[in-house]
Amino acid sequence: WWICNCCRRYVKKNKVPPDSTINGFMFHDVPTELKGISLMEERLVSARIPFISISERPSGGQLACKGGVVNVPSDVKRTVKRIPRSCKSSDVISIMLKRRKRDRHCYMQSNIQPNKVRLAAAHLIRTPLYESNGITLNDDWQLSLSDEDVPPNSADSSSDEFSEGSEDGNIQAHADTMVVQESAPPPAHRAMNLAPAEGNSPISIWQDPDAEELAYPSLFCGKRREPNSLVRVSYGRICKAELKNRCRRFSRHSENIFFKLRKLQAEQASSKASVSLRKVFSQKMTAGFLKDGGIDELLQCDKGYSFLANQRLSPAYYKRLERNYMAWIRQLGKATFFLTFSMAESHWPDLLRILYRNVYPERSELSDAELLDLSFKEKTKLVKSDPVAIVRHFHHRIQFVLKNVLKSSYSPLGVVVDYSGSVEAQFRCSLHLHLLVHSQNAPVIDVDSDLDVIEFIDRTISCSLFLPDIEGIGLSEADRLLAQRLQLHAHRKTCKKGNKPVCRFGFPLPPM
C-alpha cells in the first residue's frame with residue numbers, strides 16, 4: 001500500500017483527505033447481472049443516452065471526441081419490451097441504435113445478448129436510483145429464459161429480417177450464436193432498429209443531476225454518488241478520484257471519460273464567465289449596454305473569451321501561455337534548450353506489463369522480450385484498454401527525468417535554473433511535452449566568444465547512431481542501437497502529401 005502526495009499533505013495536518021473512501025468514494029461492487037455487459041447492452045438498459053461523437057485516430061486507433069454531449073432521456077420499459085425474446089443465453093441479435101428511426105445512419109451498431117439485457121434491466125429497476133426516478137417495467141414483460149419455454153421455431157427461423165412487430169413484445173427473431181465475431185459489423189438487413197430516446201427532448205447535463213449515474217449503470221450500479229457533506233469536494237476532484245482508483249472500471253470506460261471531460265469543461269466555463277467579465281470590464285454591465293452593441297465590443301477586443309483561459313486549445317488558453325512564457329523570458333532571459341519528449345507507449349515493457357496484467361489477469365506474466373515482441377495489433381489493444389494508466393505513466397516518467405536527470409548532480413545540460421513546458425496531444429492522440437530549459441551561466445550567441453559557445457554545445461549535445469560506453473552504466477546491444485531504431489526517418493505516404501515530389505519534412509538532412 002502507498003499514499004499519494006496529495007493525501008499525505010492532509011494526513012500530516014490531521015485532516016481527512018477529500019479523496020478518501022470515508023468521504024463517499026467507496027465504489028459499489030458490480031453485481032453479477034451487470035458484469036461483462038457490452039456498451040450497446042448498457043445503452044439499452046440506461047435511462048439516459050449520452051450521444052457523443054467518438055472516432056478512432058490512425059496509427060494506433062486511439063479514441064478522440066468531437067463536439068459536445070447530448071443527454072437524452074431513454075424509455076427503458078419500451079426498449080426492453082421490443083427486444084426479441086431469446087431462448088438461450090448464447091443467442092445474439094444485431095442492433096442498430098439510432099436517435100430517430102427514420103435516420104439513415106445509426107449512432108451505434110453491435111451485437112447483443114437479449115438474455116443479458118433482460119437480467120440487467122430486472123436488476124436495475126430494483127435499485128434506489130431507478131426507483132427514485134420512477135423507472136419500472138410492465139409485469140408481463142418478462143418470460144422464462146429456460147429451454148423448456150422456448151417459443152416454437154424461434155431459434156431455427158429461416159428469416160434473416162427483424163420486425164419490431166406489435167407493442168406486446170412477442171417477437172420472434174433469428175438468433176445467431178456467440179461464435180459471431182464482435183468486430184465484424186452485422187449485415188444491415190439483419191439488424192434491428194431501435195431508437196429509445198426518440199420523441200424526448202435533450203436535457204442539459206447540469207440540469208440533470210443524475211445524468212451520469214443513469215447513463216452508465218455498469219459503473220454506478222444504479223446508485224448515486226454520496227460524498228460526505230462535511231468536506232467540500234468539487235466535480236473535478238471527484239473525476240480524479242474515480243479515474244485514479246485502484247478499481248479500473250472507470251479509467252477503462254472511454255465514453256465515460258469523454259462525458260466527464262465535457263461536463264468539467266462546462267462547469268469551468270460557467271464558473272469563470274461572470275468573474276472574467278468583472279475583471280476585464282470596469283464599468284457596470286447592464287442590459288442597455290449589451291443591446292447597444294456591447295457584445296460586439298467585448299468580442300472584438302477578445303474580452304468576451306477570457307473565461308476560456310482554462311480550456312485547452314482555445315485562443316484564450318494559448319494567449320495565457322504566451323504571456324506566461326514572455327514573463328518567464330523577461331525574468332531569466334532566452335531559453336538555453338528547447339526539448340521535446342514524445343510518448344513511446346508500445347516500447348515501454350514496464351507499461352505493457354501493467355496493461356497486460358489488467359487485460360489478462362488469468363494469464364501468466366510475460367518477460368520484457370516477450371512483451372516487446374507482441375504484434376502491433378496486440379499492443380494497440382493494450383494501449384486502448386486503459387488511457388488513464390498511460391497518461392499517468394507518461395507523467396511519472398517525465399517527473400523522473402526532470403528530477404533525476406536534468407536537475408541531478410551530473411548536470412547533463414548544465415545547472416538548470418528553471419524550466420517551463422506544455423503537454424500537447426499529437427494527431428494520433430499520443431502525448432508529447434515541449435520544454436524550455438534555462439541553464440545557469442550558459443554562453444549566449446553573439447554575446448560570448450564563439451569558442452565558448454562551441455565548447456558548451458559540444459559538451460551538452462551529441463549526435464551519434466551508436467551510443468558509446470558510459471562510465472558506471474551498462475549498455476546492452478539493444479540500447480546502443482536505440483537511435484537507429486527510433487531516430488531514423490522512414491518515408492511514409494504523408495511525406496509527399498499534396499503530390500509533393502520530395503519529402504515535406506526535408507529528409508534526408510545534410511550532414512552536420
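**Exercise 1.** Locate Phe505 in the chain, and decide whether Phe505 is buried, partly exposed or exposed.

*Solution.* Step 1: Phe505 lies in the segment after helix H18 (482-486); helices are DSSP runs (H or I) of at least four residues and strands (E) of at least two, numbered from the N terminus. This is a predicted model, in which local features need pLDDT of at least 70, side-chain atom pairs count only at pLDDT 80 or more, and totals for chains, interfaces and linings use all residues. Residues are numbered from 1 along each chain as its sequence is written, and side-chain values use heavy atoms, with hydrogens and water left out.

Step 2: The relative accessible area of Phe505 is 43%. Buried means under 20%, exposed over 50%, and partly exposed in between (1.4 Å probe, protein chains only). Phe505 is therefore partly exposed.

**Exercise 2.** Classify the ring pair of Phe27 and Phe250, and say where the two residues lie.

*Solution.* Step 1: The whole structure holds 8 aromatic pairs. Rings of Phe, Tyr and Trp (its six-membered ring) pair if their centres lie within 6.5 Å; planes under 30 degrees apart count as stacked, over 60 as edge-to-face and the rest as tilted.

Step 2: For Phe27 and Phe250 the centres are 5.0 Å apart and the planes stand at 40°, so the pair is tilted.

Step 3: This pair links distant parts of the chain, 223 residues apart. Phe27 is in the loop between helix H1 (5-12) and helix H2 (39-45), and Phe250 in the loop between helix H8 (235-244) and helix H9 (254-280).

Step 4: Phe27 is buried because its relative accessible area is 17%; Phe250, at 1%, also counts as buried. Together with Phe220, they form one aromatic cluster.

**Exercise 3.** Which charged residues lie over the rings of Trp206 and Tyr360?

*Solution.* Step 1: A charge sits over a ring if NZ of Lys or CZ of Arg is within 6 Å of the ring centre and within 35 degrees of the ring normal.

Step 2: Over the face of Trp206 lies Lys263, at 5.3 Å from the ring centre. Over the ring of Tyr360 sits the charged end of Arg363, 3.8 Å from its centre.

**Exercise 4.** Explain why helix H4 (residues 114-124) is described as largely enclosed, and name elements that it packs against.

*Solution.* Step 1: Of the 11 residues of H4, 9 are buried, so the helix is largely enclosed by the rest of the structure. Among them are Val117, Arg118 and His123.

Step 2: The buried residues of H4 pack against elements including helix H3 (76-82), strand E3 (93-97) and helix H7 (217-220), where contact means heavy atoms within 4.5 Å.
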